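Here are some friendly notes to read alongside the model. Please keep the structure open while you go through the points.

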Amino acid sequence: MLLKTKIMKYINNQLVLAVLFAVSTIGFTNAQEIIKDSVKTKKPVYAAKKQKVDGIVATVGDYLILDSDIDKSYLELASQGNSVKDITRCQMLNSLLEDKLFAHQAVQDSIVVKDEEVKEKMNEQIAYMVEQIGSMEKVVQYFKKDTEEDFRSELFDIIKTNKLTGEMKRKIIEGVEITPEETRTFFKSISQDELPVFGAEMEVAQIVVQPKVTEEEKQRVINRLKEIKAEVLAGSSFKTRAVIYSDDRGSAANGGFYKINRKTQFVKEFKDVAFSLDEGEISEPFETEFGFHIIMVEKIKGQEVELRHILMMPKVSDKALKEAKEKITLIKSRIESGEISFADAARTLSDEKETRANGGILINPKTQDTHFELTKMDPSLYSEVSNLKDGAITAPILDDDPRSGKKYKIITVTNRIEEHTADYAKDYIKIKELALKEKQIKAITKWTNEKIKETYIKINGEYQDCLFSSNWLKK
């Protein structure tokens with residue numbers, strides 16, 4: 001289908017930007033489809049079987065692309081379990097050219113990627129690779145480097161380039177928005193036989209009971225955070241203490257680091273404190289629904305704040321857990337007896353602010369609507385609801401949420417939607433997302449074509465015979 005081809009070509013561009021030699025993505029990217037006809041060749045150039053001298057095959061601004069870079073692209077795709085037999089070297093080079101063009105322009109536009117961020121990412125990925133392959137020595141051998149130092153140096157450059165590429169692409173599309181009229185026009189432009197088919201979905205609701213924390217336990221956490229603040233003011237490292245003590249599993253490994261702006265999806269209390277601090281200042285302990293925090297602001301860049309934080313969640317006693325389970329069991333009984341509806345119980349008895357006002361209905365974090373496609377549903381949620389009959393409620397589930405700690409919940413399925421062809425009224429949010437993707441594709445394509453004209457680009461040797469999807473040869 002034309003629509004699918006457009007969207008998959010966009011996804012393909014995202015893939016190659018992220019995985020070309022992307023040691024940086026090993027273990028973190030999923031296999032994605034490669035569009036075989038995205039780049040055609042007059043004379044296909046396949047991966048060389050014989051070893052040959054490494055040489056420069058292309059130059060984009062200040063970046064060089066070596067013949068070995070293309071070999072590494074094949075190696076990386078193969079390591080992800082993808083078949084590379086139908087991917088030509090021209091296609092690989094086309095992707096690398098795009099990668100380097102974005103990175104080169106990011107430098108020209110003074111987009112800064114901090115070395116500290118790159119090193120943190122590099123160390124995470126090396127740790128993962130060592131875990132998967134067995135040792136640092138084996139990792140170095142796998143990627144055909146002579147020494148660990150050579151491997152680290154090359155990996156650092158790759159991660160930095162990928163980060164520059166990502167920041168540049170975000171800059172290009174950050175102002176791209178889609179209106180309801182544009183969404184309607186996009187939908188009407190798709191012929192009836194090319195409309196996308198959306199898979200089976202369901203809507204799910206839950207009620208949550210959070211165990212009560214004693215005031216004594218809260219004060220213990222506040223006192224400990226005050227002690228850590230005093231230690232940092234006396235010269236200790238905030239970053240190190242975040243690694244050791246923070247209960248925020250998403251940022252602890254990075255020393256509690258976040259870069260946020262006013263639109264970042266953080267709770268209001270957190271952003272209010274973050275934007276009230278000066279550079280180098282450390283907040284007093286403050287509470288959010290996730291626990292107690294302290295924040296240290298490292299840098300303020302216009303509307304962005306770079307900060308580190310430590311989260312400590314008060315401990316829940318066995319007695320409080322037992323009481324929470326008893327409470328949610330009683331709620332379940334009242335619903336099943338018909339005394340109260342699930343939605344009304346969620347509105348009046350649930351401790352979860354995000355779903356309470358909506359009768360417990362969950363929002364899909366990927367699509368921001370209430371529909372969960374079965375084939376894309378989080379495995380833990382799927383296991384809890386896949387066999388539920390209409391109107392049935394799960395037994396109380398003990399959930400150890402990495403953000404908010406232990407809690408009990410009950411879940412029900414409120415609506416089932418069978419696989420169906422796209423309908424404008426029912427699937428507006430999904431259609432709007434597809435329309436936005438198409439508009440972003442056009443913005444990136446336009447930007448690429450303009451920058452190719454004004455950037456120094458040279459293609460060498462046999463690769464001049466490639467027919468690229470963009471005018472890299474400037475014919």
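Which residue forms a salt bridge with Glu120?

1. The partner is Lys239, and the closest N and O atoms of the pair are 3.3 Å apart. A salt bridge here means a side-chain nitrogen of Lys or Arg within 4 Å of a carboxyl oxygen of Asp or Glu. This is a predicted model, where local features need pLDDT of at least 70, side-chain atom pairs count only at pLDDT 80 or more, and totals for chains, interfaces and linings use all residues. Residues are numbered from 1 along each chain as its sequence is written, and side-chain values use heavy atoms, with hydrogens and water left out.

2. Helices are DSSP runs (H or I, at least four residues), numbered from the N terminus. Glu120 is buried at 13% relative accessibility, while Lys239 is partly exposed at 30%. Buried means under 20% relative accessible area, exposed over 50%, and partly exposed in between (1.4 Å probe, protein chains only).

3. Now find helix H15 (residues 428-454), where Lys451 and Glu454 lie 3 residues apart, about one helical turn. Their side chains meet in a salt bridge of 3.2 Å, N to O. Lys451 is buried at 15%, whereas Glu454 is exposed at 56%.

4. Salt bridges with shared partners also build a network, which joins Glu116, Glu120, Lys239, Glu298 and Arg308. The count of salt bridges comes to 37.

Key: Helix = DSSP H or I, 4+ residues; strand = E, 2+ residues; numbered from the N terminus.
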